[in-house]
Amino acid sequence: MSKYAAITGWGMAVPERVLTNADLERMVDTTDEKIVALTGIHERRVVGLGESTSTLAAEAGRRALACAGLAPEAIDLVVLATCTPDRPFPATACTVQARLNIPRAAAFDIAAACSGFVYGLSVATSMIRSGAARNVLFIAADVFTHYINWNDRNTCVLFGDGAGAVVLQPSDEPYGQLSSVMGAAGKDEDLMAVDVGGTRMPATPELLEQGRQYVYMNGREIFKLAVRGMGDSSLQALAEAGLSKDDIALVVPHQANLRIIDATAKRLEMPMERVFVNLDRYGNTSAGTIPIALTEAAEQGRLKPGDYVLLTAFGGGLTWASSVIRWGHP
Ligand code: ACO
């Protein structure tokens, strides 16, 4: 058994198709200025024919394996965080396992919406620490395109599709996740949801006609709760790791809205120079935002081995999660 699970590889994948604010101006009553002012988003990626959660997840996973220098045979567990699986069952993690030719490894999905990466990192790390798994491929991917009402300007400007992945391996040195804070408020589940398509409300022609298969949200209320949830859980995660905000090289927050990120940074008294932002190019890719951001931050040289990084997320459920990680491996 190992005390820690170091991040030894990382990778991301987004669809090629770019949907800009100018494109959205032609679809709904909106403007580039208004979208940027409300969200900070300039463009997002959307899936095309033949692309789905599993294709993006597999590509991100393939890149993370290459980065770690591991063969598919070395992986003994595949975990996928998603709330937009390819199909209700089987788990999309199984599809990804097959696509990557990973023989026999256990595979399952976890659903925590936008908090999925931080939730899943805790699950994958715990599996390694308990000795139940050794080399874990952990992917977070979402494709919201098919759950978006492209006539609703309140939601269609917010989301994009994408996937990010990490490889986790046992370590006796303190690398990988050092603290984990997770929470949920199921009583507020209806602030943001997709109602139709599950077992509570199976799809009928009438419900589809009403557009109940699409995402709805109380944006204003979620905004307030997100700032509070991300701020409070970040402070707890720092305390649990025995670190102060000055020890943190980079904050990698869930990328939903630049104003939420700004307000959270202010709450943490963290200068924006130490906060990673890439939502201008990808929008909110739900569980995908944090591993996509980690991959870009590493590629841009903004993450160095040994750096302490604060991850914080908030999303449907409602769920929230924060974690301090130490980047790299011995
Ligand atoms: N174009 C033009 N006007 C718009 C648009 C748009 N795309 N969207 C909203 N507006 C208008 C509204 O109609 C409103 O007009 P009014 O003042 O005449 O009524 C005005 O802009 C302000 O709208 P609000 O909804 O009050 O704006 P707000 O500041 O709350 O921003 C937003 C909206 C971006 C949705 C924000 O509330 C937000 O980011 N909330 C959090 C969303 C989020 O994080 N969801 C997360 C996760 S998803 C998951 O977990 C899977």
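Analyst: The largest cavity holds about 30 Å³ of space. The model is predicted: local features need pLDDT of at least 70, side-chain atom pairs count only at pLDDT 80 or more, and totals for chains, interfaces and linings use all residues. Residues are numbered from 1 along each chain as its sequence is written, and side-chain values use heavy atoms, with hydrogens and water left out.

User: What makes a space a cavity and not a pocket?

Analyst: On a 1 Å grid over the protein atoms alone, a cavity is a set of points where a 1.4 Å probe fits but cannot get out, while a pocket is an open set with protein on both sides within 12 Å along at least five of seven lines. Points are joined across faces, edges and corners, and the volume is the space filled by probe spheres set on them. The structure holds 1 cavity of 30 Å³ or more.

User: Which residues line the largest cavity?

Analyst: Lining residues have an atom within 4 Å of a point. For the largest cavity they are Gln255, Asn278, Tyr282, Gly283, Thr285, Thr289 and Ile292. They divide into 2 nonpolar, 5 polar and no charged, where Ala, Val, Leu, Ile, Met, Phe, Trp, Tyr, Cys and Pro count as nonpolar, Asp, Glu, Lys and Arg as charged, and the others, Gly among them, as polar.

User: Why is Glu296 called buried?

Analyst: Buried means under 20% relative accessible area, exposed over 50%, and partly exposed in between (1.4 Å probe, protein chains only). Glu296 has 8%, so the label is buried. Glu296 is found in helix α11, residues 289–299; helices (H or I, at least four residues) and strands (E, at least two) are DSSP runs numbered from the N terminus.

User: What makes the pairing of Glu296 with Asn278 a polar contact?

Analyst: A polar contact is a pair of N or O atoms within 3.5 Å; within protein, one must be able to donate a hydrogen and the other to accept it, and residues adjacent in sequence count only if both atoms are side-chain atoms. The two side chains make such a contact at 3.0 Å. Asn278 is also one of the residues lining the largest cavity.

User: How do you know that Ser234 is buried?

Analyst: Its relative accessible area is 0%, so Ser234 is buried. Ser234 has its place in helix α8, and a polar atom of its side chain lies 2.7 Å from the backbone oxygen of Met230. Leaving aside neighbours within four places in sequence, Ser234 is in contact (heavy atoms within 4.5 Å) with Leu268, Leu310, Thr312 and Ser322.

User: What makes up the lining of the second largest pocket?

Analyst: This pocket, with about 710 Å³ of space, is lined by 29 residues, of which Asn154, Leu158, Met217, Gly219 and Asn257 lie nearest its centre. The largest share, 6 residues, comes from α8. Both domains give residues to the lining of the second largest pocket, so it too lies between them.

Key: Domain bounds come from an automatic or database domain assignment.
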